[in-house]
Amino acid sequence: MEAGTEFVPSDFTRLSRSPRPVFKRKVYDDIFQGRLSLALAEVEGVKVYRFSVLPKGENSLPSTHALAPGSDIAFDVLAGDARLGLAKVLPACTFQQSLKARFEFSFPLAKTAVCLGLGERYSSLNLRGARHTLCSTDNPNHDESSDSLYKAIPFAIFLEDGLASACFLDSAAPQIYDLDSELDGQVRIELLSARGFSFYYFDRAPLTQIVAAYTALTGRSELPPRWALGHQQSRWSYPDAETVRELAREFRRRRIPCDTLVLDIDYMDDYRVFTSDKGRFPDFKGLIEELARDNFRLVTIVDPGVKLDKDYKIYQEGLKLDLFCRDAKGEVFVDRVWPGRSVFPDFQMEATRKWWAEKLQFYYECGVSGIWNDMNEPAFFDTRFIPVSSFEELPEAGEQPFLQRDDADGGEPTSVGHLEVRNLYGSMMCEATYEAALAARPGERPFVLTRSAFAGIQRHAAVWLGDNKSWWEHLRKSLPMLLNVGLSGVPFAGVDIGGFGETCSPEMLLRWYEVGIFFPFFRNHCWLKGRAQEPFAYGATVEEKARRLIELRYSLLPYISGLFHEHRQTGAPLMRPLLYHYPQDAMALNCHDQFMFGADILVAPVMERAQTHRYVYLPEVGSQWTSLVGDKTYEGGRSHYLEMPLGTCPAFVREGAILPFADAMQSTAEYEHSAITFKVYGQQGSAVFYEDDGKSFDYREGGFAQWQLAYSDGFLSRLMGGHYKTSRRYFLQKPDGFKIQVQL
Ligand code: MIG
C-alpha cells in the first residue's frame, strides 16, 4: 500500500458504494509463530471457550476493557494443542494468521441458522447473507450500502433449532464478519490486527442463556436514574436560554409529559468543550436551576474534539500534559470538526481519562444531569477510514493517520496505530464520563449517552443509533437494529423519534411515538434544518394523540423499571425479538416488524405511510392476548388483521401477566407519590414487581422492594423481599375491571 493514499479526504458516499471486494479464496501459508492457549469456563450454565492468540513478538494480551472488572469468571486452561482443541469445540473451525496483521477464522453455518447480534447493523434481524465490517464510522447515510456504522460490538449469535451458539472476538481492531454471503454455508471472520486477542466461543444453549453468559462476561448495566427513562426532547440546536425556557413552558402548559431537555453543540462558546456561550446563555447555572424548579433536567452534548486555539485553556492544558493523539512524526494530530481545526484526546491513556473527568466537572457544577457523547468514533471532517474491508491487512502503525498510547494493562503505554484501538475510542470516552459523574455525585446513578461504542459499553452508557432520517424505512429499520443492539448486551438504547435528518410529517411523528414509547431510551431529536419536531409542533390533533402516548409511557414506568432490574439479573435486553421467548415458533424466527417489550408485552407497530391496518402475529396457540389500550382480546397462535388508526397503541399483553401501572404524570418527579395499579390479564397470573428509589445505588444493598405476585381465584398473594418502603397506594384491578386497594 502506498503511504498516504488510503487516507486522503474523499467522498464518503462514493466510497461506501464502491463494489465490494471479492472474498479471497487463496490459501495462505501458515505464518503463525506466536503462542496459543485454550481455556474453558462455565458461565451461566454455558460452556465458554477462550482461545487466546499472542502473535510473535508480543508479550501480553492487550486489554480492551470489554470484560467487566471483578467478574471472577475462572477459566481453566485446557491441555493439548490449542488449535486442535478449538476444532474439537467448534467443528471444522480453521484458524490462521495469514499475514502479519491479519487473522482469520472460518467455520460452517447450519443451513437454517439465523445470525444475530454484532451491535448496530443496518440490517433486518437476521444478519445472514452479508459481510459486516466492524470499524466505528460516522456514516451519516444509513442505507442499503451502509456497512460499518458508529458502534463495533464483535459478538455474533447463531440460532439454530431453538438453540444458540455465539462468538465474541475481543479485539478493538477492525473485523469483518462474512455470514455466508457467498452462499457456501461458511462464516468467515477476518481480524485486521497485529496484536494479540481472545476469541470466545459460547457453546450451544438457549438464547436467553447465551445472552446471560455474554453479559456476565462483559457486564450489565446499572439501573438508570428514573428521570432518564422519561421523555427527552432534543434538537440540534436550541440556540439560547430563552428558547429553552419557552420549550419548558410549552411542555408544561400543554401538559405533555417530559423530563429532560437536551442541548446540542450550540450551547458552547464557538464549540469549545467545557464552556457555555456567555451571550446566548448568560446565566447557564441559573437557567438549569430554573428548569429544575419545573422538574426539567438538562443534558448537554460533549464532543471529543478540542478546538486548536492557543488561547483556550483546555487546549493549552492537554498540550502541556501531552494528552492528545500524535502522528508517527510526533506531531499532534489535527483535523477539522465543529470547532474548526481540533485536536483529539488520547482516551486510551488513563491519564487522559482522568483529566477529561476533571474537566467534565464544569457541567456537573453547573447542574447538568447527564452527558451526551457524540462524534466519538471519532469523526473527522477530513480524514476518512472507509473502506477498511478492502485492506489486505492492517497498515503499519506509521502509515495510519495517528498513533495512540495504550496503557490498558496498567503498565507503561505502548504506542499503537490508531486503527488497532479505534473501536474503543467512544467507550473509553464514556468510561471517563461515567467516572466523572460518579465523582461529581457519589451515590447517584449517572446518565451517559453515546454514539460510538465497543463491547461492554452497557456498563457505562446508554446508546442511540445516530443520524437516522425521517423516512418510513428508517422507522421500520429501527426495530431490527435495536433488537440486535439489545442482544449484543446493550439494554438502554433508542433511535431519534421522528427521525434526525429530513422532515418528519405529522403522520410519521405519531407512528414513531406509537412505537417509540417502547424504546428504552425515549428521545425526540432532529437536526437544525427542516421543520420543528416537538410533539406540539404539528397542531392540535397530533398533539392530543402524542400526549396520550407519552402519558402511557409514564404509566409503564413501573414495568420498565422492572425490566431494567431483570436485565441486571439475566442480561436480557428490554426489546427482544419474538424468537427470544418463542424460539421454536417458525413465525417468530423471521419476525422483525414486531418485538417483545419484556416477556409480557408484544409490540406490532404500523410503519408505513397511509396504512391503517396491519397483520399482527400473536404467538402461542391456546393463549389469549389483550390490547394494552382498550382491552380487546385476541387468540394466540395466529395472525390478525387489525385496524390501527393514527395514535393507536400497538401493544398486546400476554395472558397470565400482571402489569403494574403508574398514574399519568408530567415528569418522573411525581412518580414517588403516584399510586400503582396491578392489572391482571386472564383469570390467573403471576409477576415480579420491583421498585426502588430510582436514583441511588442502595439497591445493591437491599434498598429495593421485590414482590412475587400471584393471582388466582380473585385473590392476590404477595411475597416480599428487600427493605425499600414507599408511601404510595397500591391497587389491584381484577380481570372483570373491579379495582380494590391492596395493603402491603
Ligand atoms: O456532525 O451535534 O448524531 O445527533 O445533533 C453532526 C450535531 C454532529 C451528530 C449527531 C446528532 C447531532 C449532531 N451531530
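This is a predicted model: local features need pLDDT of at least 70, side-chain atom pairs count only at pLDDT 80 or more; totals for chains, interfaces and linings use all residues.
Strand E41, which spans residues 730-733, is covered on both of its faces. Tyr-730 and Leu-732 lie on one side, Phe-731 and Gln-733 lie on the other, and all four are buried.

Strand E37, residues 676-680, runs parallel to E41 and is joined to it by four bridges. Within this pairing, Thr-677 has Phe-731 of E41 as its bridge partner. Phe-731 is also one of the buried residues of the strand.

E41 pairs as well with strand E42, residues 739-742, here in the antiparallel sense and again over four bridges. In this arrangement Tyr-730 stands opposite Val-742 of E42. E41 and E42 form a hairpin with five residues between the strands. Which residue of this hairpin takes a positive phi? It is Gly-737, with a value near 95 degrees.

Is His-65 buried or exposed? Its relative accessibility is 16%, and because buried means under 20%, His-65 counts as buried. Apart from its neighbours within four places in sequence, His-65 is in contact with Arg-353, Ala-408, Met-428, Glu-431 and Arg-459. Gly-598 stands 533 residues from His-65 along the chain, and the C-alpha atoms of the two are separated by 29 Å.

These local views belong to a chain that contains 16 helices and 42 strands. Its radius of gyration is 25 Å, close to the 27 Å that the globule rule gives for 744 residues, and the chain is therefore as compact as a globular protein of that length. Taken along the principal axes, the box filled by the C-alpha atoms is roughly 75 × 65 × 50 Å.

How the chain is packed can be described further. Of the 744 residues, 63% are buried. Among contacts with a separation of 6 or more, 70% are between residues 24 or more positions apart.

Definitions and conventions. Residues are numbered from 1 along each chain as its sequence is written. Side-chain values use heavy atoms; hydrogens and water are left out. Helices (H or I, at least four residues) and strands (E, at least two) are DSSP runs, numbered from the N terminus. The radius of gyration is taken over C-alpha atoms; the globule rule is 2.2 Å times the number of residues to the power 0.38. Buried means under 20% relative accessible area, exposed over 50%, partly exposed in between (1.4 Å probe, protein chains only). Contact means heavy atoms within 4.5 Å. Two strands pair if DSSP finds at least two bridges between them.
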